[in-house]
Amino acid sequence: MKLCTSTYGERVRARRVELGMSQRDLAKLIGAKNQSTIGNIENRNGSSRYSLELSRALRVNYEWLETGEGRKEALSQTVPLQGVLDAITAKELDVLAEFIGSMETGKLHAFMAKALAHAASKNSP
């Protein structure tokens, strides 16, 4: 049985079911307090403040989750960085630029510091 994926919530539900996850499992993965958060997300048409976390947990492309357009599957984390950079579309860059541009300076600095610390921890022996 193929689930409808025309709305944001339907895409979340369909991918969660496809991966064999419960709402509780997904809630834990995105850091939500309880499974009702996932139920609420799955029953709405618009996006969620958890969109980035959901796209990661569900291993889907952020753009697909938000709009239903573009490739569904996220790039494998084993893809070399150059391959990832080559695969980023202009629309994805626009979304990223808009997101970064909308951040307050202090939040942007904190975000970048967190990203760099995370990258450093991944590269540590």
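# Questions about this structure

Reader: Which residues make the nonpolar surface patch of about 440 Å²?
Author: Members of a patch have over 30% relative accessible area and no salt bridge; like charges are joined within 9 Å, and nonpolar side chains (Val, Leu, Ile, Met, Phe, Trp, Tyr) within 5 Å. Areas come from the Shrake-Rupley method with a 1.4 Å probe, and for residues only the protein chains shown count as cover. The patch of about 440 Å² is made by Leu93, Leu96, Phe99, Phe111 and Met112.

Reader: What kind of model is this?
Author: Residues are numbered from 1 along each chain as its sequence is written, and side-chain values use heavy atoms, with hydrogens and water left out. Local features need pLDDT of at least 70 and side-chain atom pairs pLDDT 80 or more, while totals for chains, interfaces and linings use all residues, in what is a predicted model.

Reader: How many helices are in the protein chain?
Author: Helices (H or I, at least four residues) and strands (E, at least two) are DSSP runs, numbered from the N terminus. Here the elements run α-α-α-α-α-α-α-α. The chain has zero strands, and its helices number eight.

Reader: Which helix gives the most to the nonpolar patch?
Author: At least two residues of the patch come from helix 7 (90-101), and at least two from helix 8 (105-123). Phenylalanine 111, one of the patch residues, lies in helix 8. With three residues, the helix that gives the most is helix 7.

Reader: Is phenylalanine 111 buried or partly exposed?
Author: Buried means under 20% relative accessible area, exposed over 50%, and partly exposed in between (1.4 Å probe, protein chains only). Phenylalanine 111 has 33% relative accessibility, so this residue counts as partly exposed.

Reader: Which residues does serine 51 contact, leaving aside its neighbours within four places in sequence?
Author: Serine 51 is found in helix 4 (residues 51-57) and is buried, because its relative accessibility is 3%. The serine 51 side chain reaches the backbone oxygen of serine 48 at 2.8 Å. Leaving those neighbours aside, serine 51 is in contact (heavy atoms within 4.5 Å) with Tyr8, Tyr62, Leu65 and Glu66.

Reader: Which helices are included in the cover over the buried residues of helix 3?
Author: Thr37, Ile38, Gly39, Ile41 and Glu42 are buried in helix 3. Ile38 is also among the residues that isoleucine 30 touches. What covers the buried residues of helix 3 includes helix 1, helix 2 and helix 4.

Reader: How far apart in sequence are the parts tied together by arginine 13 and glutamate 42?
Author: The two side chains meet in a salt bridge, 3.4 Å from N to O, and the rule is a side-chain nitrogen of Lys or Arg within 4 Å of a carboxyl oxygen of Asp or Glu. Arginine 13 lies in helix 1 and glutamate 42 in helix 3, so the pair ties together parts whose separation is 29 residues.

Reader: Which residues join with Arg15 into one network of salt bridges?
Author: Arginine 15 is buried, with a relative accessible area of 4%, and its side chain meets that of glutamate 18 in a salt bridge of 2.6 Å, N to O. Both lie in helix 1, three residues apart, about one turn of the helix. A salt bridge of 3.2 Å, N to O, also pairs arginine 15 with glutamate 73. Through shared partners, the residues joined with Arg15 are Glu18, Lys72 and Glu73.

Note on methods. Polar contact = N/O pair within 3.5 Å; in protein donor to acceptor, adjacent residues only side chain to side chain.
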